[in-house]
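Please walk me through this structure. Start with its charged pairs, then move on to the sheet and the backbone.

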Amino acid sequence: MTRFLLAVALLVAAASPAQAAPPRWVGTWATAPSSAVPGTENGYPNFSVRNIVHVSAGGKEIRVRLSNAYGRTPILFGQVTVARAAGPDTPLALPGTMRTLTFGGAQSIIAPPGADVVSDGVALTVPADSDLLVSVYTPEPGGPVTHHQLTMQNSYFTRDGNHTADESAAAYRERTTNWHYVSGVDVRSSSLRGSVVALGDSITDGANSTWGANLRWPDQLADRVNTRLGVLNAGISGNRLLLDGDWAGPNALARLNRDVLTQSGVRSVIVFEGINDIQQTPHQTDPAKIIAALKQIASRSHDRGLRVIGATITPFKGWNSYTEELEAVRQAVNAFIRTSPDFDAVVDFDEVIRDPADPQRIRPDYDQGDHLHPGDKGFEAMAKAVRVATL
C-alpha cells in the first residue's frame, strides 16, 4: 500500500506543470546617448518632448530610463509619461493608455550630471513591435541636453509648458529627428528569456533605411525573436572602437558598460564595430589594434556572463575613403573574427552582404547607394543571418 501511494505521488508530481519563472525586468527598447545637443547649455526650460520609440518585445508592466549623460548641470525631470501611440508617426496617444511615471514614488526627479535615472514600474499592456510615446517635461534650465542624433523617425515637442499628460497631439506642433533624454524602456516578464544588445555604428543605427519604417537590422531581428528576447539597439553613427567623436559618442570600449553590460536582462551582445576605425580619418591601418579592442569587449562581456557574437565588417569599396591598403585591414580583422575563440559565435555579415562578382563591394541590390550602408533589403539579409540559437 505504501509503495502504491508513493507511485501515485510521483506520477502526480511528474504531471504537474513546472513552476513559472518569476517576472523580471527585460529591455525591450534602447538607444545609446550619442552627444549633447549643440547650443543647449541652458537646457530646454519649459519644454515637453514627446519621443516616439518602437519596442521589440511586449509586456504588461513597463519602466523607462532617462539620461543626463552629457549634462554638465543637474536636470529636473518635472513629469514623465508613457502611452501607446495611436498610430505611426503621430504624437497622439491611444485613448486610455496614458500613464504618469514615478521615481521612488515621486512624480519628479533630479538627474545629476552624467547620471541615468530609472522610473518605477507602471501597469500598461504593451504589444510587441509597437510604438510608445515617452514624454518628458523639463521645467527648469539644465544642460547641455543629452540626445541620440540619428533616429530615422520623427518625434515631437512643444516649448509651451507641461503637456506630458495630454492624450491630444495639439500641443506638439514642432518636430525633431532626435531622441531627447530617453535611453531605454523595459518590460516586466516571466516569459522573455532576456535581451540581446546590438553594439555598433551607423549600419546598426539604421542609417539610410526607410524613414519611420523601423527596418534597421536590429528591428528586423526583433521581428524574429520578440516572443523570446528583447532586442536593444546600441548603435551610434560614426562610432569607433578606439577613438571618440564629437557627434559619434565615446569609443565602444568606453561606452560598453553604459550601453551593453548594464542593460536590463541582457544575456548576449552582437559586436559589429570597426569599419569607422578603418575608413575614417585618422585611418587605423594596424589590424592588431582593432583586434585588441574586440578582444577586450569579448573579455569584459564574458566577465558579466554574456554570450558574445562577433560580426564581420561589411564591404566598403566605392566609398570615398576606400583604398586597397584599408581593405587589407578589413580582411585581416575579419579573418580574426571568423576564427577567434574569443567569440561564442560569429555572424558573417561580410559574406551575406558582399557582391559575389566583386567581394570588396556591397551587392548592388543590398546597397543603399553610397557603397557603405546597406538598404532595407540588405538589413533584412543581415537580420536573417543571425542564428537565433546563438543568442
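A salt bridge here is a side-chain nitrogen of Lys or Arg within 4 Å of a carboxyl oxygen of Asp or Glu. The model is predicted. By that criterion, salt bridges link Glu 327, Arg 330, Arg 338, Asp 348, Asp 350 and Arg 354 into a network. The structure holds 19 salt bridges. Side chains of opposite charge can pair when their charged atoms come close.

Take Arg 255 and Glu 273. They form a salt bridge, and their closest N and O atoms are 3.3 Å apart. Arg 255 sits in helix α4 (residues 252-261), while Glu 273 is in the loop between β19 (266-272) and α5 (275-279), so this pair ties together parts that are 18 residues apart in sequence. Both Arg 255 and Glu 273 are buried.

A second pair is Asp 358 and Lys 317. Their side chains meet in a salt bridge at 3.5 Å, N to O. Asp 358 belongs to strand β23 (residues 358-362) and Lys 317 to the loop between β20 and α7 (324-339), so the bridge ties together parts that are 41 residues apart in sequence. Is Asp 358 buried or exposed? Asp 358 is buried, because its relative accessible area is 18% and the limit for buried is under 20%. Lys 317 has 24% relative accessibility and therefore counts as partly exposed.

Arg 258 counts as partly exposed, at 23% relative accessibility. Asp 259 is buried, with a relative accessible area of 3%.

Arg 24, Arg 193, Arg 224, Arg 228, Arg 267 and Arg 307 form a positive surface patch.

What is the order of its six strands? The order is β7-β6-β11-β3-β13-β14, in an open sheet with antiparallel pairing. β7 and β14 (174-176) stand at the edges with a single partner strand each, so one side of each has no neighbour in the sheet.

β7 (residues 99-100) pairs with β6 in the antiparallel sense over two bridges. Val 82 has Arg 99 in β7 as its bridge partner. On to β6 and β11. Strand β11 (residues 131-138) pairs with β6 in the antiparallel sense over six bridges. Arg 84 stands opposite Leu 132 in β11. Strand β6 (residues 79-84) is mostly covered, with five of its six residues buried. In a regular strand the side chains alternate between the two faces of the sheet.

Strand β13 (residues 155-158) runs antiparallel to β14, and three bridges join them. Phe 157 has Glu 174 in β14 as its bridge partner.

The backbone has some points to check. Most residues other than glycine have a negative phi, and most peptide bonds are trans. The bond from Gly 143 to Pro 144 is cis, with omega near -5°. Pro 144 is placed in the loop between β11 and β12 (146-148). Thr 281 and Pro 282 are also joined by a cis peptide bond, with omega about -5°. Pro 282 lies in the loop between α5 and α6 (287-303).

Phi values come next. Asp 89 is not a glycine, yet its phi is positive, at about 50°. Asp 89 is in the loop between β6 and β7, and it is partly exposed, with a relative accessible area of 43%. Met 152 is not a glycine either, and its phi is positive, at about 60°. Met 152 is in the loop between β12 and β13, and at 7% relative accessibility it counts as buried.

Two residues remain. Ser 268, in strand β19, is buried, with a relative accessible area of 0%. Arg 363, in the loop between β23 and α9 (376-385), is partly exposed at 25% relative accessible area. Arg 363 and Ile 353 are ten residues apart in sequence and 6.0 Å apart in space, C-alpha to C-alpha.

Note on methods. Residues numbered from 1 in each chain as written. Predicted model: local features only at pLDDT ≥ 70, side-chain atom pairs only at ≥ 80, totals over all residues. Heavy atoms only, no water. Patch = residues over 30% accessible without salt bridge, like charges linked within 9 Å, V, L, I, M, F, W, Y side chains within 5 Å. Areas by Shrake-Rupley, 256 points an atom, 1.4 Å probe, with all protein chains shown as cover. Lys, Arg positive; Asp, Glu negative; His and termini not counted. Charge placed at Lys NZ, Arg CZ, Asp CG, Glu CD. Buried < 20%, exposed > 50% of the residue type's maximum accessible area, 1.4 Å probe, protein only. Helix = DSSP H or I, 4+ residues; strand = E, 2+ residues; numbered from the N terminus. Pairing = 2+ DSSP bridges.
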